[in-house]
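The following exercises are to be worked through with the sequence and the model at hand. Each task is followed by a solution in steps.

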Amino acid sequence: MPRRATRRFLPRKTKHRILKGIICVRTSFRNTIVTVTDTQGQAVSWSSAGACGFKGTKRRSPFAAQIATENVVDTLVNQGLLKEAEVLVSGTGPGRETAVRAIYQSGIKIKNIHDVTSMPHNGCRPPKRRRV
């Protein structure tokens, strides 16, 4: 019986060089998605906790958010593509601070950090309360 081959996550090659970029961190209660774009908003690289191999409830942990952030940022730093970045954090999940801390430890100069979580200004009526 042949052995199953395990999948390896190799660093991605990017097509164009960027020295300044925007790192978008979207945290929900189930997953964390990190996207690196150039200054015009074109996506260069991305990663998520689910794509890094975390499944189920482990996907929502701060450790999964840290691994997803390191996965996408270290790829760009090792290729010498990203030196300075602006960080946009969206959502209320558990991986917010951990993702920003992982970006800071990677050596990228953080220009500023924005919280772009959308909050209603008494707009639409929220759905009825969940009863468990």
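**Exercise 1.** Which residue of strand 3 stands opposite T37?

*Solution.* The model examined here is a predicted one. The residue facing T37 is A43, which belongs to strand 3. The next step is to consider the strands themselves: strand 2, residues 32-37, pairs with strand 3 in the antiparallel sense, over five bridges. In general, the strands of a sheet pair through backbone hydrogen bonds, in a parallel or an antiparallel manner.

**Exercise 2.** State the order of the strands in the open sheet, and identify its edge strands.

*Solution.* The sheet has five strands in the order 3-2-1-4-5, and its pairing is mixed. Strand 3 and strand 5 are the edge strands, since each of them pairs on one side only. On average, neighbouring strands of this sheet are turned by 15 degrees against each other, direction ignored.

**Exercise 3.** Is S47 buried or exposed? Describe its surroundings.

*Solution.* First, locate the residue: S47 is found in strand 3, residues 43-48. Its relative accessible area is 3%, and a residue is buried under 20%, so S47 is buried. Beyond its neighbours within four places in sequence, S47 is in contact with several residues, including T32, C52 and N71. With N71 there is a polar contact between side chains, at 3.4 Å. The C-alpha atoms of S47 and T32 are 8.6 Å apart, although 15 residues separate the two along the chain.

**Exercise 4.** Which side chains meet in a salt bridge, and which parts of the chain does the pair tie together?

*Solution.* The count is one salt bridge. In it, the side chains of D115 and R96 meet, at 3.4 Å from N to O. D115 lies in strand 5 and R96 in helix 2, so the pair ties together parts that are 19 residues apart in sequence. R96 counts as buried, because its relative accessibility is 19%.

**Exercise 5.** Where does S106 lie, and which backbone oxygen does its side chain reach?

*Solution.* S106 lies in the loop between helix 2 (96-105) and strand 5 (109-115). The side chain of S106 reaches the backbone oxygen of I103 at 2.6 Å. S106 counts as buried, with a relative accessibility of 18%. Leaving aside neighbours within four places in sequence, S106 is in contact with V73, D74 and V77.

Technical notes: Residues numbered from 1 in each chain as written. Predicted model: local features only at pLDDT ≥ 70, side-chain atom pairs only at ≥ 80, totals over all residues. Heavy atoms only, no water. Helix = DSSP H or I, 4+ residues; strand = E, 2+ residues; numbered from the N terminus. Buried < 20%, exposed > 50% of the residue type's maximum accessible area, 1.4 Å probe, protein only. Polar contact = N/O pair within 3.5 Å; in protein donor to acceptor, adjacent residues only side chain to side chain. Contact = heavy atoms within 4.5 Å. Salt bridge = Lys/Arg side-chain N within 4 Å of Asp/Glu carboxyl O. Pairing = 2+ DSSP bridges. Axes fitted to C-alpha atoms, helices over the stretch in contact; angles between N-to-C directions.
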